[in-house]
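Good morning, and thank you for joining this meeting.

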Amino acid sequence: GRNLEKSGMAPHHFYNHLKEWMEQNPLTQSLNTMRRRRGLVPFSRRQEGKSTLINAIGALGIPTVNQTWRDLTKKNVPLIIPINEMAFGEKPRKWSENTVFTDNIFLRGHTLPELSNDLKAFIDAAKSRGEKVVVLAFSSMPVSFCTIIDIAVKLIEETENRVSIIALIGNHDEKRTMKVDNNFRTMGSFKSYQDTKHQLIDASGRRELLIENIEIGVAENQGIVKIEQKIKRYEMEGRLFVDMGAPFGKLFPLMDAVVTHGGLGSIGEAILSKAPVIVTGVLLFDQRFWGVRCKELGIGPFPVHINKFKRKCVGIINEAVKDNSLWKQNALKIGTKLAELAQDDPSGTKRNAQVVFKMMEKAFPYHYDPPANPVVDAFGAALKYSSRMLSGSRNFDGNENDDDGDLRAVASAQSQGED
């Protein structure tokens, strides 16, 4: 709704349109191309060739129903979901008997890289000083270098428990933007940050301001970020470690709290780590669902959009790393249970292969049958969409009492098995 747009978070139906565009991009092999090869009807929100009413509903931005999922469920076609059921929640009641969970698939064994010696030394030194270690990991999500460093410094300076921060800034080659006096300027990638003397430059490459001449701190109202001084100061103190990335399977189990963007892969590793999990970032697609699941599992707070996380991060991390943290207790129980279920198959590949082999015995040729009454289906989709939007057009503010309407709507839809 409007509140989401004002806060920088587009409403859920915006992502439906974005997803459709990405799937039907004419410059790449589209999803429908793959569907046709497999004998499936091409999916379109506007349902080409159907009634004028359905096309009109699609043109208004109201998603019509993807009938393929319902048809697969109705015919009890074997469907394998490579996600741990405990992490996902109970199986939605509308899913068929032959729709089964297996487990997440993880990178393990000799294929999983070791942590760098510098990172190991940083963690060992922090723990020897009695500090809590927190990782900020946003993978490829568009969270700027400046934002990550700002959050890291705020946590170092303001948390009740003394913390050290590992800031994984991702491998973004594009230039990173920062706002200075209401004009957008860019700074080079982290590699150029390491290799050269830094300057703030405008889009044309003109020198604007030497960072060395800016005193440590942040000029709140001007948005000038003093990146170099902050990093140098806290790296020298052994409180901040900045790197492009690290293997989550090795790193997360050593953390006292994990801050992540909420993607399936990172969430799977984070839940296994037995540490509290905080979901923030741009909150796209399933990241919203997994953020809500962390709250429901009792291992972290409701997800908070990155635009609001800076002002909430200190309170959240205080709760996560305190000695009697309920999030920590729940994370330990759930992580331990998942490890017990994995037994001698930490990567999950054996369990997935066994289920695939078993479900092949139930497999049968599938042909899609279009709905008998697409107009009725369109009306039903429109009513469901309207109800969901009316109940869920509030901010992603991390407040479960006031601002989680849209998150609840997404989680509710998932629990109902809606597509």
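In this predicted model, strand E13 and strand E14, which covers residues 304-305, pair in the parallel sense over two bridges. Within this pairing, Thr280 has Val304 of E14 as its bridge partner. To pass from E13 to E14, the chain runs through helix H13, residues 286-297, and this β-α-β crossover is right-handed.

Let us turn to the other pairing of E13. Strand E12, residues 257-260, also pairs with E13 in the parallel sense, here over three bridges. Thr260 stands opposite Val279 in E13. Between E12 and E13 the chain crosses through helix H12, residues 264-272, and this β-α-β crossover is right-handed as well.

Is strand E13 largely enclosed by the rest of the structure or largely open, and why? Five of the five residues of E13, residues 277-281, are buried, so the strand is largely enclosed by the rest of the structure. Val277, Val279 and Gly281 point one way from the strand, whereas Ile278 and Thr280 point the other way, and all of them are buried.

Finally, I would draw your attention to Asn330, a residue in helix H15, which spans residues 326-342. Is Asn330 buried or exposed? Its relative accessibility is 18%, and the cut-off for a buried residue is under 20%, so Asn330 counts as buried. Leaving aside residues up to four places away in sequence, Asn330 touches Leu297, Gly298 and Ile299.

How values were computed. Residues numbered from 1 in each chain as written. Predicted model: local features only at pLDDT ≥ 70, side-chain atom pairs only at ≥ 80, totals over all residues. Heavy atoms only, no water. Buried < 20%, exposed > 50% of the residue type's maximum accessible area, 1.4 Å probe, protein only. Helix = DSSP H or I, 4+ residues; strand = E, 2+ residues; numbered from the N terminus. Pairing = 2+ DSSP bridges. Right-handed = clockwise from strand over helix to strand, strands pointing away. Contact = heavy atoms within 4.5 Å.
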